[in-house]
Amino acid sequence: MVLAELFVAPGQQGRGIGKELLTRTFEHARKAGATNKALITFTFNVVSQGLYIRHGLFPRFPIYFFSIERDAVMQRLQGEKLRWTDIEDSASDLNRLGEIDSSVLGIARERHHRYLLNDGTMRGYFFHAQGDCIGYAYVSATGHVGPLAVAQPTAMGAAFTSALNLAAASAASQVSAFLPGANETALGTAAEHGMRITFAMVLVSTRAFGDWTRYLPRNPGFM
Ligand SMILES: CC(C)(COP(=O)(O)OP(=O)(O)OC[C@H]1O[C@@H](n2cnc3c(N)ncnc32)[C@H](O)[C@@H]1OP(=O)(O)O)[C@@H](O)C(=O)NCCC(=O)NCCS
């Protein structure tokens, strides 16, 4: 289960409402058979982190929002660019996405992909090398990269660089991505391209999951 958007009105905070909302949401998750619970929150938010720890969701790693002006990144973009094809909302493409997600995250997410593929502001790409599909990435009209996943950790650098190229080729004024602290390759690539950290968040979960050297989430609400 992925939780997003927990808010208590400022005048009502600190009175147990957040705790009660979380307890009810987790009861719903339990009934639905959830085996893990995860979310992404701001690192500066000590109340939410304390509340989540109290409910058994422990911090796993930071996640950094990196961005740069499109023109600035254009000048620096070089390196290997992978061949790409568009992802279609078809049974075979959804099956291929499901296989990659199952190996990277432990779950297939057909509904999530359908949602992204039917969003007119997003475009999905499969990346290919030597005739194999080695991963996928979505790039939004705002120049944001993610989610992005690769079948092997060694493909992360080329896949992320290729996705930055695709984002820089759009009409967006900025290029951005949301990078796990556990993903040295993506962080190194972002730094090499002059990208800057705008803010930091942290992933919390009831148990560790996923191979974050092979995955970049989209944003806190869309892991
Ligand atoms: C985060 C938020 C939902 C919490 O709701 P709330 O109704 O204020 O929280 P509650 O009164 O139910 O619970 C407070 C609990 O937080 C924890 N907490 C608060 N301050 C803490 C601190 N400095 N360190 C550790 N834990 C802390 C405690 O467990 C505390 O419970 P306790 O006082 O019984 O020990 C609320 O503050 C909010 O809406 N903040 C703005 C939006 C936001 O940041 N949302 C989270 C996005 S992921």
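A salt bridge is a side-chain nitrogen of Lys or Arg within 4 Å of a carboxyl oxygen of Asp or Glu. Side chains of opposite charge can pair when their charged atoms come close. The structure is a predicted model, in which local features need pLDDT of at least 70 and side-chain atom pairs count only at pLDDT 80 or more, while totals for chains, interfaces and linings use all residues. Residues are numbered from 1 along each chain as its sequence is written, and side-chain values use heavy atoms, with hydrogens and water left out.

By the salt-bridge rule, the count comes to eight. Asp 89 pairs with Arg 114, and their closest N and O atoms are 3.0 Å apart. Asp 89 lies in the loop between β3 (83-86) and α4 (91-105), whereas Arg 114 sits in helix α5 (residues 110-117), so the pair ties together parts that are 25 residues apart in sequence. Helices (H or I, at least four residues) and strands (E, at least two) are DSSP runs, numbered from the N terminus. Asp 89 is partly exposed, at 36% relative accessible area. Arg 114 is also partly exposed, at 35%. Here buried means under 20% relative accessible area, exposed means over 50%, and partly exposed lies in between (1.4 Å probe, protein chains only).

Arg 114 forms a salt bridge with Glu 110 as well, at 2.8 Å from N to O. These two residues are four apart in helix α5, a separation of about one helical turn. Glu 110 is partly exposed, with a relative accessible area of 43%. Through shared partners, salt bridges join Asp 89, Glu 110 and Arg 114 into one network.

Asp 101 and Arg 109 form another salt bridge, with an N to O distance of 3.1 Å. Both partners are in the buried class: Asp 101 has a relative accessible area of 0%, and Arg 109 has 7%.

Pockets were located on a 1 Å grid over the protein atoms alone. A pocket is an open set of points where a 1.4 Å probe fits, with protein on both sides within 12 Å along at least five of seven lines. Lining residues have an atom within 4 Å of a point. Grid points are joined across faces, edges and corners, and a volume is the space filled by probe spheres set on the points.

The largest pocket has a volume of about 730 Å³. Its lining holds 28 residues, with Leu 6, Phe 7, Asn 45, Ser 48 and Tyr 52 nearest the centre. α1 (17-31), β1 (38-42) and α2 (46-54) each supply at least two lining residues. α2 gives the most, with five. By class, the lining of the largest pocket has 16 nonpolar, eight polar and four charged residues. Ala, Val, Leu, Ile, Met, Phe, Trp, Tyr, Cys and Pro count as nonpolar, Asp, Glu, Lys and Arg as charged, and the others, Gly among them, as polar.

The second largest pocket has a volume of about 610 Å³. It is lined by 25 residues, and Met 1, Val 2, Asn 36, Ile 107 and Phe 209 lie nearest its centre. α1 contributes the most to this lining, with three residues. The lining of the second largest pocket divides into 14 nonpolar, eight polar and three charged residues.

The ligand is surrounded by 19 residues (a heavy atom within 4 Å). The closest are Leu 6, Val 8, Gly 18, Lys 19 and Asn 45. A backbone N or O atom of Val 8 is 2.6 Å from a ligand oxygen. A polar backbone atom of Gly 14 lies 2.8 Å from an oxygen atom of the ligand. For Arg 15, the corresponding distance from a polar backbone atom is 3.2 Å.

Methods. Polar contact = N/O pair within 3.5 Å; in protein donor to acceptor, adjacent residues only side chain to side chain.
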